[in-house]
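Here is a short note for a colleague who is meeting this structure for the first time. The points are numbered and can be read beside the model.

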Amino acid sequence: MTLAEQEKRFQEKIDNEIKIEPNDWMPDAYRQTLIRQISQHAHSEVVGMLPEGNWITRAPNLRRKAVLLAKVQDEAGHGLYLYSAIETLGADREQTIDDLHSGKAKYSSIFNYPALTWADIGAIGWLVDGAAIMNQVALCRTSYGPYARAMVKICKEESFHQRQGYESLMVLCKGTPAQKAMAQDALNRFWWPALMMFGPNDAESTHSEQSMNWKIKRFTNDELRQSFVDATVAQAELLGLTIPDANLRWNEERGHYDFSEINWDEFWQVVKGNGPCNKERIEARVKAKENGLWVREAANAYAKKRAMKKSA
Amino acid sequence: MSNSTWPLWEVFIRSKQGLNHKHVGSLRAPDATLALENARDVYTRRSEGISIWVVESANIHATDIDEVDSFFEPSDTKIYRHPTFYEVPDGVKHM
Ligand SMILES: [Fe+2]
Ligand SMILES: [Fe+2]
């Protein structure tokens, strides 16, 4: 079969909603796009543990501590499902992790913002996991089988992440004026970075069109961002908090909320590595890999010893 | 040996008595014991399983994707293996 025929057959499968599986023929660019997107996604799950992990020992009570621990543990699992999905595409897992450490691979810009107060942990669950869910629910129908299956599992686990964050903010909002002010401050700092999680505007998004044709993406960045805003406004009202955007208002004609333009300079600065915590995050990941070396070596030594005993 | 040389394991989980083990994903581990423990931590954090199998991916043999059509041809052409192939009069009950 010629390349053109193979490409035609591939696109027909996509158009007919037939999932692509690991050993199927696929265009090289499809494979590379998936490796890039899934590894960014995997790195985001792993780096995303850092701002929250920082608060586990400082959670206000045992319930919140157990919940936060379970959430962070879930994120580690999400990273693993996704690294496994990358391996089915023939990518080397260690290489993708080294690409993160060298700065070659990206992760979600949101995790380069610090979690300064306990209210930030609530805001992260509500807004950051909320935005991630909006993205991930859409990805459950992505055209590559292993990625879609990982997303289904992740989405099932994510729903408590958002709810626990919202619940935690609700407690603060019903608390003292100082607690409520802390919740408002967290919303003020996380609102715009959360909207940036959906990526550049459609007009600026370089990979969007091809990804839509391949059904890797099922909705555009702007569509997902709009859905997120539409879903979140009422949730903020219920908390009694104010979304920090003077131009936010319901547009009867569009049937959507209008909102201000995002500060794209800030977005690109953070993507390029100049956000408040970029350096710290990568350093923490590199250190974790180095400090874990003895554990991996010990596991190898133990496995070897047991194998020898067995064969003796 | 870095963990990139740890073998890849495929994970199968039985969610409850009476059901088959079902493939859920993969992971890397130095040996079967750790593969099982990792599989528990990664794939059964919410009581998803009562039994886990791990199989080294290298030990799995699969049909050739390029020969799917010819390989499965014998079954595609035998429509008389399906009950709908046979005509029975309307009056026949319990069949
Ligand atoms: Fe996650
Ligand atoms: Fe999450």
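**Notes on the model**

1. Glu10(B) has a relative accessibility of 14%, so this residue counts as buried, the cut-off being under 20%. The model is a predicted one. Glu10(B) belongs to strand 1 of chain B, which covers residues 8-14.

2. What does Glu10(B) touch, once residues up to four places away in sequence are not counted? The list is His23(B), Gly25(B), Ser26(B), Trp53(B), Val54(B), Val55(B), Ser57(B) and Ile60(B). Of these, Ile60(B) is 50 residues away along the chain, with 8.9 Å between its C-alpha atom and that of Glu10(B).

3. Two polar contacts of the Glu10(B) side chain can be looked up in the model. One is with the side chain of His23(B), at 2.6 Å. Another is with the side chain of Ser57(B), at 2.9 Å.

4. Ser57(B) sits in a loop of chain B, between strand 3 (51-56) and helix 2 (68-76). Neighbours within four places in sequence aside, the contacts of Ser57(B) are Leu8(B), Trp9(B) and Glu10(B).

5. Chain A holds the donors of the iron ion (ligand 1): Glu45(A) (OE), Glu75(A) (OE), His78(A) (ND1) and Glu158(A) (OE), at 2.1 to 2.2 Å from the ion. Along the sequence, the spacing of these donor residues is E-x29-E-x2-H-x79-E. Why is the arrangement around the iron ion (ligand 1) irregular? The angles subtended by its four donor atoms run from 83 to 160°, which makes it so.

6. Glu45(A) is in helix 2 (residues 28-47) of chain A and His78(A) is in helix 4 (residues 62-87), so this pair ties together parts that are 33 residues apart in sequence. Glu45(A) and His78(A) are both buried.

7. Asp129(A), in helix 6 (residues 118-139) of chain A, and Glu158(A), in helix 7 (residues 145-173), are 29 residues apart and link distant parts of the chain. Asp129(A) and Glu158(A) are buried as well.

8. How far apart do the iron ion (ligand 1) and the iron ion (ligand 2) lie? The distance is 3.4 Å, and Glu75(A) bridges the two ions.

9. The last points concern the interface. On the side of chain A, 19 residues are in contact with 18 residues of chain B. About 1800 Å² is buried between chain A and chain B, and 49% of it is on carbon and sulfur atoms. Within chain A, the residues that lose the most area to chain B are Glu94(A), Arg296(A) and Asn300(A), which together account for 24% of what that side buries.

10. Six salt bridges are found across the interface of chain A and chain B. A salt bridge joins Glu48(B) and Lys153(A), with 3.6 Å between the closest N and O atoms. Between chain A and chain B, nine residue pairs are in polar contact, both residues being at pLDDT 80 or more. Helix 4, helix 5 (93-102), helix 7 and helix 13 (293-311) of chain A each give at least two residues to the side touching chain B. Helix 4 of chain A supplies the most to that side, with seven residues.

Note on methods
Residues are numbered from 1 along each chain as its sequence is written. Chains are lettered from A and ligands numbered from 1 in the order in which they are written. This is a predicted model: local features need pLDDT of at least 70, side-chain atom pairs count only at pLDDT 80 or more; totals for chains, interfaces and linings use all residues. Side-chain values use heavy atoms; hydrogens and water are left out. Helices (H or I, at least four residues) and strands (E, at least two) are DSSP runs, numbered from the N terminus. Buried means under 20% relative accessible area, exposed over 50%, partly exposed in between (1.4 Å probe, protein chains only). Contact means heavy atoms within 4.5 Å. Donors are N, O and S atoms within 2.8 Å of the metal (3.2 Å for Na, K and Ca); water is not among the atoms, so sites may look incomplete. Four donors count as tetrahedral if all angles lie between 85 and 135 degrees; four count as square planar and six as octahedral if opposite donors are over 155 degrees apart and all others between 65 and 115; anything else is irregular. Buried area is the accessible area (1.4 Å probe) that two parts lose on being put together, summed over both. A salt bridge is a side-chain nitrogen of Lys or Arg within 4 Å of a carboxyl oxygen of Asp or Glu. A polar contact is a pair of N or O atoms within 3.5 Å; within protein, one must be able to donate a hydrogen and the other to accept it, and residues adjacent in sequence count only if both atoms are side-chain atoms.
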